[in-house]
Each structure stands twice: as C-alpha cells, then as structure tokens.
Amino acid sequence: MALRATRSVRVAASSLWAAAAAEAPRPLVSFPGAPAHLRARRGPGSLPFPAAAAARGLCISAQRPAIRKFTDKHEWISTENGIGTVGISNFAQEALGDVVYCSLPEVGTKLNKQDEFGALESVKAASELYSPLTGEVTEINVALAEDPGLVNKSCYEDGWLIKMTLSNPSELDELMSEDAYERYIKSIED
Amino acid sequence: MLIPFSMKNCFQSLYSLKIPTAGYKNIAKGGLILQSASNNIYQNLAVEDWIHDHMNLESKPILFLWRNSPTVVIGRHQNPWQECNLNIMREKGIKLARRRSGGGTVYHDMGNINLTFFTIKSKYNRMENLKLIIRALNAVQPQLDVQATDRLDLLLDGQFKISGTASKIGRVAAYHHCTLLCNTDWISLSSVLKSPYQGIKSNATPSVPSLVKNLLENDDTLTCEVLMESVAAEYAAYHKIENNIILISPTDETVFPGINKKAEELQTWEWIYGKTPKFSINTSFNLSEQSYSEIKVYVDIKNGRIEDCKIDAPDHSLPLEMLDKLSTSFIGNKFCQSETSVLINALLRTCPKDYELNTKWHLLCQKVKSIM
C-alpha cells in the first residue's frame, strides 16, 4: 500500500543509478506465496536508498556508490569500500513480528553464500538467517543485544545485523536489485 | 492404528527425491503421520531436524507424535541457569535439552505428548494446528473447555495451561511444535522449573510461568494413547489422508541417513550450555551458616565459558591472594560443575595447610560450584 508514495523517490533515484545498477536475473527457485495479509510497507525511517549515497552519486567519484541488493530469503546487503552490511528487509521484519532476540555469529566467522549465520527469534518463530554472499564477518551490531526491536523499527538503518568482507564481489550480480525484489514480493503475495 | 515400520522404501524415496515422482505420489499422498518409537529427547529432536532439512513437504505436510522420559527442554535462546534447577535435575537424573525452535522452557515426561506440525513456509499456520488439536480433544470429550490464546497456549477451563507452542522457520520449510499435558508428574515439573540461582543478568528470552493442569484430572479417559489417536484421526481427516500412524525408529540410519550425528550434536555441552546468550552473575553468600562473613561473586559468562570472575571477601575472612588465585583460574573454563571440580581439586592441593583456612577455602569452592 505505502509503496505508491515512494515510487517517485525510486524513479528519481533509479535515474541516478542507471549506469551502475545492473538488474539481477530472477531467481530460478520458486518460492511459496506469503499469506495475503502481509504487505510490503515502508517502515518509518527506511528509505529505498540511503540519503548519503544519493548525495555521493551526484559527485564525480571513482568510488562505487552503496547499492542495496536483496536475496530471495529477504536479506539485504549494501556494500561500501569492500565491506557489506547485511540486514533483513521490511517485508521480512513485518512477517517476523516483534523480534525478541538476535543470535549473531562471532567476528571472524567465515561464511559461504547461503550459509546459516544466525537466527532471529520473534513471537512467531525462531527464523534462520542466511548469508547473502561469501565472506568474513567483520562486525556485528551489538546494539541488538539490548534492543532487538531495532530490527523491526529500522531494518535498513540501525537494525543492521552484520558487516562482512566480500570474498567474491561478482556474487552481488546474482542478487536482486530493489526493483526486482519488490516485483518478487508482489509475485509471492499473489 | 499403529503400523510397525516396514515402509523403509517409502522413506528412502522420500529422502532421495526433492521433487515428487510418480512413485512418491503413490506412497504418501497428501501427508504423513509419524510416531517415534523412542523416548529419548535428543533422538526425537534429531528427527525434527532431519525432517526439516531433508523432506519435501510441498503438498505433503507431516505430523510427528513423540514423548520423552523426564527432561527439561529450553528454547533456542534461553539460559538454563535462569530457567530451571540444574542441581535437582542432576540428582534426579532429569535430562536437559536445548531445542532449535524459540519459545520458553517446558518439562517433558511420559505423561506429556509432543506434536510437531511440519509444512512448507507458506502453509505455516499455528492457530490452524491448535484448532485441530481442540477438535481432537472435543472428539473424545465434547464437554471439555479448551481455548487457544493469542500467545498460542491452550487453556483448560479458561485458566490452566495444557499446551505451549514453539516454532522454527527455515529455508523452505517450517515447523510448529507444542506440548499437551495429559498426566505429567506435576510435582517434578514445579520443582525443576524453578531456578534457585540468584543475581543473573541476561538478555536471554525468558519463560512466562503459567498455572498448569493435567487433562487426566478433568477426565480419566484422556490418556496419552487416546489423545494421540484422536489428534492423528483429526489430522488425517483434515488433510484427507489415511489414518495410519507410522512408527519410526529415530536411530535407523538406513531410513534417516545422518540422524545419529544430529542427535549427538544436540547432546554436546557446546550446544546445550555453550549456546546460552552472554550473561553475568552478581551474587553473594555466607561461607557457612555459622559464619557471617559474606563473599561476593561476580562472573561474566559467554558461550558457556567464564570470561571474567571476581571473588571478594569484604571482611577479609580469606586472603586476597587466595581469592584472586581462584578467580583467575576460572577464566576460560566452562561454567560447569564437573570441570570446576577438577580445577578446585588441583588448587586445593596447593592450599596452605592451615586447618581453618583450608576449611574456609573448601567451603568457598563448594559454594562457588553450587552456582553453576
């Protein structure tokens, strides 16, 4: 429902990224539909693209701007200076319900793409977290120990889960762009 | 109706085929009802892991019925020191297990039925499962007043909890499991589900204590066997499958390849205790009933191991060097009575021969051990 309001922002942003954003192919595995009552909504404070990254895109810079990519398991990763920040999407945090505990890996843990790296416990269930890429954990969001609800309140900003190196940056191309992810959500909702 | 397991081929094809084939469709159309032949918590939890990881549940949900010998089962992110009385459990030989689903702590014995509903993620619906259980209960006893709450507990007569729920969501599948109190030893239940440990500070998920009651107290026809049959019949009717309960052996590697390794993992100290979220203990005790000398203990525990430890005797009843020696020797060790015993015995050999000091030292070690 609230997706309409942000479409104009997305259109503006996507023109900035036109050269950089290569759309990822749709995943080959089909996934079961989600209950109809789960709609992808923008949570407060969650922007389609970080405002800082939008500003960076206007400057002439050799640095690759931070772009958010999504997995079919509703994790996102945005990369900057070779470090990826991982979190779960708004769709996922809504489906989860109130997060009461975040189980995250130790710094230094090596992860392969799609490896289980932790779990989020909510009133709904304990849900596994899967690594979007291959790399090594460099940081975990310690704020989540005291306030696991940050995952719900700010899934794209303060509710990030881990940061990791990218052993194989080309894996990013296999992930969905934001547009592709939104189409994917719509397809599983129907 | 229980079918002794002769359907090995059934399982082998179920395991090896991720996508249905004609043979698979013939074998188990629409779902399966399984019952464990084992009362071992670790083996039964391993069955859940195995089904969750290996079986294709598309259009083929599974109901798994199981019971265990006396065990306390804590949720994935819980702290056993906060949830139960480990000392009483050790004395009575009651096992401790950590399950992979979330939720709170429960006591299992042969008077409690566990029900696991396996589905694909899109069909995950806990309330639907609980309504099925209520129909099954009312099929045996129509007058029974059982309701599901928002927390997905089942309440008898509006106040007594007879069932608690927990669940896990994975890559493509999900499971919802719940208990059903038929005829549990509630004296054991209430003694072990009360933690004696003081001063624990933790962000582990807490349990919500509830008033419980056995169904058998309401109606002596509501035995475990009768209720398992009734739930199976209701499940079969709902999913339009044959009402056949298949008895399975959770240790059979030919049917469940790799299952024994899963059961072993669930029994390791690293899983049961080591997975406890980081916590600290800040407590104090008197050395003995006769003594007024208070000892303060502060311990930081991460991954079940002691990261930091301070032992203080503010009234100097014990030499500072001894206390420092004890506290630093704990660091890096498991927060575990048996490992601590080994450590303490080694340290006691280096203790001064002064009788009074030796006695105090001995008492101190025992007291510190008792908080583990």
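A: Buried area is the accessible area (1.4 Å probe) that two parts lose on being put together, summed over both. The model is predicted, so local features need pLDDT of at least 70 and side-chain atom pairs count only at pLDDT 80 or more, while totals for chains, interfaces and linings use all residues. Residues are numbered from 1 along each chain as its sequence is written, chains are lettered from A and ligands numbered from 1 in the order in which they are written, and side-chain values use heavy atoms, with hydrogens and water left out.

Q: How much area do chain A and chain B bury between them?
A: They bury about 1,700 Å², with 48% of it on carbon and sulfur atoms. On the side of chain A, A:Y101, A:E121 and A:A126 supply 29% of the area buried against chain B, more than any other three residues.

Q: And how many residues does the contact take from each chain?
A: With contact meaning heavy atoms within 4.5 Å, chain A gives 21 residues and chain B gives 22 residues.

Q: How many salt bridges are there across the interface?
A: The rule, a side-chain nitrogen of Lys or Arg within 4 Å of a carboxyl oxygen of Asp or Glu, finds three between chain A and chain B. One of them joins the side chains of A:E128 and B:K168 at 2.7 Å, N to O.

Q: Which strand of chain A supplies the largest share of the side that touches chain B?
A: Strand 7 of chain A does, with four residues. Strands here are DSSP runs of E of at least two residues, and helices are runs of H or I of at least four, numbered from the N terminus.

Q: In which sense does strand 7 of chain A pair with strand 11 of chain B?
A: The sense is parallel, over two bridges; pairing requires that DSSP find at least two bridges between the strands. A:A126 has B:K168 as its bridge partner in strand 11 of chain B.

Q: Changing topic: where is B:T105?
A: B:T105 is in the loop between strand 5 (95-98) and strand 6 (106-108) of chain B.

Q: Which residues does B:T105 touch?
A: Leaving out residues up to four places away in sequence, B:T105 touches B:V72, B:V73, B:I74, B:Q78, B:E83, B:L193 and B:S207.
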